[in-house]
Amino acid sequence: MDIISIHLLLASIIFGLVDSAHGADNSVRVKRFIAQFPLWLGLSVVRLGAAISLSEDGYHVFPGDNIQDAVQLAAKNKTNKVVKVHAGEYRPTSKGQALIWFNKMHDGIRLEAIGPVTLTAANPELAVSSEPGFPAVVNHVVYFGDGISSNTVLKGFRITGANNFVTRKLTGQLEPDVTIPKNLFFFADGGAIKVFGRSYPTLQNLEVVDNYTSPCGAGISVQHQAFNESPVLIENCVFRGNRTQVTGAAIDLLAGSAASIINCLFAGNVSNAGEDVVAKGSGERPFVNNGVVTVFQNSRVEMRNCTFTGNRNGVDDMGGQSSYVNCIFVDNKLDTGLKGFARYELAVNAGVKNISGCFINGTVHDVGHVLSARENVLEGPSGRAFPPPKFNRSFVPEAPEYKHAGYRPVTGE
């Protein structure tokens with residue numbers, strides 16, 4: 001039904017109300033409404049038929065608009081690079097590699113949610129139920145490519161729906177830089193968010209939930225390709241219910257990458273959901289028992305005030321240069337995924353730069369003995385019982401011992 005038909009239908013309903021109105025008061029109310037109807041009609045036609053336009057505080061996007069159109073407009077604007085997305089669900093209108101993408105031309109854009117906004121990879125109307133990845137129709141919900149600085153901000157969104165859909169079409173549109181090699185991980189990893197090359201965006205106040213990828217990084221995949229002079233900032237985010245076939249269900253730092261992960265919650269995420277498909281093809285030793293955050297060789301993470309609970313393992317760090325401060329690792333014993341492997345909270349066999357102020361209730365793999373029982377609260381032979389955190393519904397620990405440790409929801413924004 002077109003706009004004119006909708007308005008005619010509404011008009012007929014309203015005039016019908018007048019015919020059926022009983023009594024003077026009812027008739028007067030309806031007639032007053034009718035007097036305002038032409039003005040409302042004109043305004044609604046303008047809104048429904050209007051393209052995305054610029055206000056003093058940025059470009060405003062409403063349900064039915066294309067977010068990428070606003071991002072493109074902001075990229076050309078030299079003075080105003082703010083895009084505000086209003087409450088609703090936004091899904092792909094065509095199959096491709098990303099719902100929203102940023103590359104060098106988009107540096108400095110601030111994309112923020114106004115109210116509850118969901119970005120999803122799924123569109124059942126475009127997907128075929130018999131095809132792998134259904135109902136997802138994009139590789140990544142959001143892509144950050146080469147040439148992105150920390151001035152580029154993604155804030156306040158709920159990101160979901162990735163389901164191992166993979167296409168290589170329109171790569172040049174997504175990532176114009178051809179000097180950095182693009183392998184399987186470029187296309188397949190990073191269901192919710194993919195970060196590639198010299199890319200250091202600021203990711204704040206996100207809820208990354210119920211995404212699946214194979215092999216890695218259902219939530220966020222960082223692939224700096226050794227251009228890791230600066231970290232990706234991941235702050236005040238929640239990762240729940242994300243799954244991968246192999247490593248890093250929530251966050252995966254591929255070799256030569258860097259991230260700062262501040263005040264984030266990880267709950268109910270699952271890595272190693274099945275066979276290591278990469279190792280099967282290459283003949284290498286398969287990954288079978290990873291954390292929901294995986295830090296590969298020559299990568300590093302600075303993690304502060306994060307909480308891990310109820311996951312299939314906590315963190316596995318193969319980089320040797322990371323730091324973990326005031327974090328909680330408690331009961332990451334989710335019994336799912338590949339069978340026959342014991343759960344753990346933290347694996348730092350390659351060493352770390354610093355671990356302090358952490359509460360760790362469970363197994364730690366630490367062949368170099370870098371974890372100090374004096375600087376952390378640990379399960380085991382410390383001579384004292386491990387204090388239960390007493391999480392509330394928001395996973396905030398209410399036990400007084402945890403006053404300075406773990407995740408706290410951001411309020412008032």
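I took a salt bridge to be a side-chain nitrogen of Lys or Arg within 4 Å of a carboxyl oxygen of Asp or Glu, and with that cut-off I looked through this predicted model. D335 and K339 qualify, since I find their closest N and O atoms 3.4 Å apart; D335 is exposed at 60% relative accessible area, and K339 is exposed as well, at 56%.

**Other charged pairs.** I count nine salt bridges in the structure. In the one between E112 and R110 the closest N and O atoms lie 2.7 Å apart, with E112 buried at 13% relative accessibility and R110 partly exposed at 28%. For R304 and E302 I noted 3.2 Å between the closest N and O atoms; R304 is partly exposed at 34%, and E302 is likewise partly exposed, at 32%. I also noted a network of salt bridges that links D146, D177 and R198.

**The sheet.** I followed an open sheet of nine strands with parallel pairing, in the order β4-β6-β9-β13-β17-β20-β23-β26-β29. Its edges are β4 (96-102) and β29 (364-365), each of which has a single partner strand, so one side of each is left without a neighbour in the sheet. Further in I checked β20 (residues 293-295) against β23 (residues 315-317), which pair in the parallel sense over three bridges, and I found V315 of β23 to be the bridge partner of V293.

**Core and helix α3.** The largest nonpolar core contains 70 residues, and I recorded L119, I193, I234 and Y324 as those with the most contacts inside it. Helix α3 (residues 67-76) supplies the largest share of this core, namely five residues. I then listed the buried residues of α3, which are I67, Q68, A70, V71, A74 and A75; seen down the helix axis they fall within an arc of 155 degrees, so they line one face of α3. Among the elements that cover them I found β2, β3 (82-90), β4 and β5 (110-120). At the start of the helix, I saw a side-chain oxygen of N66 come to within 2.8 Å of the backbone nitrogen of Q68.

**H60.** Which side chains does the side chain of H60 meet in polar contacts? I found D57 at 2.8 Å and H86 at 2.7 Å. H60 is found in strand β2 (residues 58-61), and I class H60 as buried because its relative accessible area is 17%, below the 20% limit. Leaving aside neighbours within four places in sequence, I noted contacts of H60 with I52, S53, S55, D65, K84 and H86.

Note on methods: Residues numbered from 1 in each chain as written. Predicted model: local features only at pLDDT ≥ 70, side-chain atom pairs only at ≥ 80, totals over all residues. Heavy atoms only, no water. Pairing = 2+ DSSP bridges. Helix = DSSP H or I, 4+ residues; strand = E, 2+ residues; numbered from the N terminus. Core = buried A, V, L, I, M, F, W, Y, C linked by side-chain atoms within 4.5 Å. Buried < 20%, exposed > 50% of the residue type's maximum accessible area, 1.4 Å probe, protein only. Polar contact = N/O pair within 3.5 Å; in protein donor to acceptor, adjacent residues only side chain to side chain. Contact = heavy atoms within 4.5 Å. Arc of directions from axis to C-beta.
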